[in-house]
Amino acid sequence: MTDRDADDWYRAISTNRVTLLVGANALDVAAALDPLPSDAPAIITIPIQFIRSQGQVVTLVLDCLETTARQMFPSWLPGAGDLDGPNRLDLMAAKKLASDLAAQSDHFSPFVRAMAESAILARPMSKTFIDRTRAEGLRRLIVSTYERTRLTVILSVSNTLTTDQVVQLVGACEWLCQQGGVTVWIVGPDELDSDRVHSFEAFPSSRYRQGSGATEIAAVYVPALAGKPHPGSEAEKTLERALSRCDWAFGREWNQPFHVSVLHERFVVDLRWPNEHCVVEVDGDDHRQKMKFERDRERDVVLQVHGHAVLRFTNRQIFDDVAAVVSAIENFIKNKRSPAPRSAPIEGTPSDE
């Protein structure tokens with residue numbers, strides 16, 4: 001398999017059946033699809049810790065998709081960028097925008113209105129929809145955020161499933177495919193004893209190995225979309241809203257892969273000004289974990305050795321005082337753009353000689 005083939009491995013997976021990615025784990029697949037390639041489906045990775053029944057797995061997946069869509073707001077609702085609620089005026093505006101969206105698209109108006117209300121109030125939907133309506137409605141919202149036509153859900157499960165758990169898991173996955181229009185990939189098990197699951201053995205795991213020893217994810221994971229703030233990061237979206245009002249902030253790139261040198265794999269940083277060699281990282285609480293903290297430091301060293309300044313800000317810094325964060329970035333960018341001062345002439349020597 002060539003490097004190009006390794007990058008495009010996801011193209012070979014069937015979109016209309018449940019697939020087991022043999023030899024793959026959640027972290028490696030996440031690394032391979034972050035940021036999301038332009039021709040890949042929208043991707044959501046969900047850890048499944050307990051399997052009791054088919055219905056329980058379906059409900060868990062739909063709950064996770066709803067939480068994800070709520071976090072992605074206002075990306076899927078045109079015109080809602082300035083709505084932050086919770087207040088009556090923003091709620092009324094969000095519902096009106098949702099009705100307008102449904103009138104101009106294939107979204108189901110009652111569902112998208114209920115989802116907009118859920119996002120403004122930051123709580124689960126109060127209106128009840130049947131599972132099929134819920135699955136289809138959430139799929140449409142998420143793929144519109146990623147500007148894709150398909151949604152793939154990756155379920156990260158244990159490698160020690162009982163026969164009954166396999167039956168319940170596969171049944172839930174088939175329901176999601178057939179009733180929700182969602183493609184499902186399973187990672188974790190070495191094999192599944194089911195003739196209803198297709199095994200895909202071409203995932204280039206060694207190419208994307210994270211090297212930490214960990215194979216599981218602890219929470220729902222969504223990849224960044226190249227060129228935009230991470231749809232699941234409120235801190236990145238808050239920073240971008242502030243930067244979008246700054247004339248000096250032109251030339252910035254969100255979540256774009258690049259190579260610092262021919263000796264290194266591609267880097268994906270949160271925010272970068274390529275011409276000014278400035279990297280800005282937005283660190284959530286997970287960056288305090290030992291493994292991620294060490295990896296951040298290693299990346300910082302590589303970036304700095306190759307001429308990039310790395311400015312790191314925590315989510316809390318952005319939420320508490322985004323103006324101060326923007327000011328710090330502005331000072332650096334403007335200093336980089338300022339021409340170097342001319343050396344003063346030596347006393348007694350004509351300046352034009």
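1. Helix α4 (residues 88-103) packs against α5 at an angle of about 150°, and their axes lie 8 Å apart; axes are lines fitted to C-alpha atoms, for helices over the stretch in contact, and angles run from 0 to 180 degrees between N-to-C directions. Helices (H or I, at least four residues) and strands (E, at least two) are DSSP runs, numbered from the N terminus. α4 and α5 are therefore roughly antiparallel to each other (angles under 35 degrees count as roughly parallel, over 145 as roughly antiparallel, 65 to 115 as roughly perpendicular and the rest as oblique). The crossing of this pair, α4 and α5, is right-handed: a crossing is left-handed if the near helix is turned anticlockwise from the far one by less than a right angle, and right-handed if clockwise.

2. The model is a predicted one, in which local features need pLDDT of at least 70 and side-chain atom pairs count only at pLDDT 80 or more, while totals for chains, interfaces and linings use all residues. Residues are numbered from 1 along each chain as its sequence is written, and side-chain values use heavy atoms, with hydrogens and water left out.

3. Between α4 and α5, the residues in contact (heavy atoms within 4.5 Å) are D90, L91, A94, K95, K96, A98, S99, L101 and A102 of α4 and S109, V112, R113, A116, E117 and I120 of α5. By class, eight are nonpolar, two polar and five charged (Ala, Val, Leu, Ile, Met, Phe, Trp, Tyr, Cys and Pro count as nonpolar, Asp, Glu, Lys and Arg as charged, and the others, Gly among them, as polar).

4. Helix α5 (residues 109-121) also meets helix α6 (residues 131-146): their axes come within 10 Å and cross at roughly 70°. That makes α5 roughly perpendicular to α6. On the α5 side the contact involves F111, V112 and M115, and on the α6 side T133, R134, G137, L138 and L141. Five of these residues are nonpolar, two polar and one charged.

5. Helices α9 (residues 234-243) and α12 (residues 322-337) pack at about 65°, with axes 10 Å apart, in a right-handed crossing. T238, L239, A242 and L243 of α9 meet V322, V325, V326 and I329 of α12. This contact of α9 with α12 has seven nonpolar residues, one polar and no charged.

6. R312 lies in strand β11 (residues 309-314). Its side chain makes polar contacts with the side chains of D283 (2.8 Å) and D300 (3.0 Å); a polar contact is a pair of N or O atoms within 3.5 Å, and within protein, one must be able to donate a hydrogen and the other to accept it, while residues adjacent in sequence count only if both atoms are side-chain atoms.

7. The chain has a mean pLDDT (the predictor's confidence in each residue, from 0 to 100) of 86, and 88% of its residues reach 70 or more. Over residues 1-5 pLDDT stays under 50.
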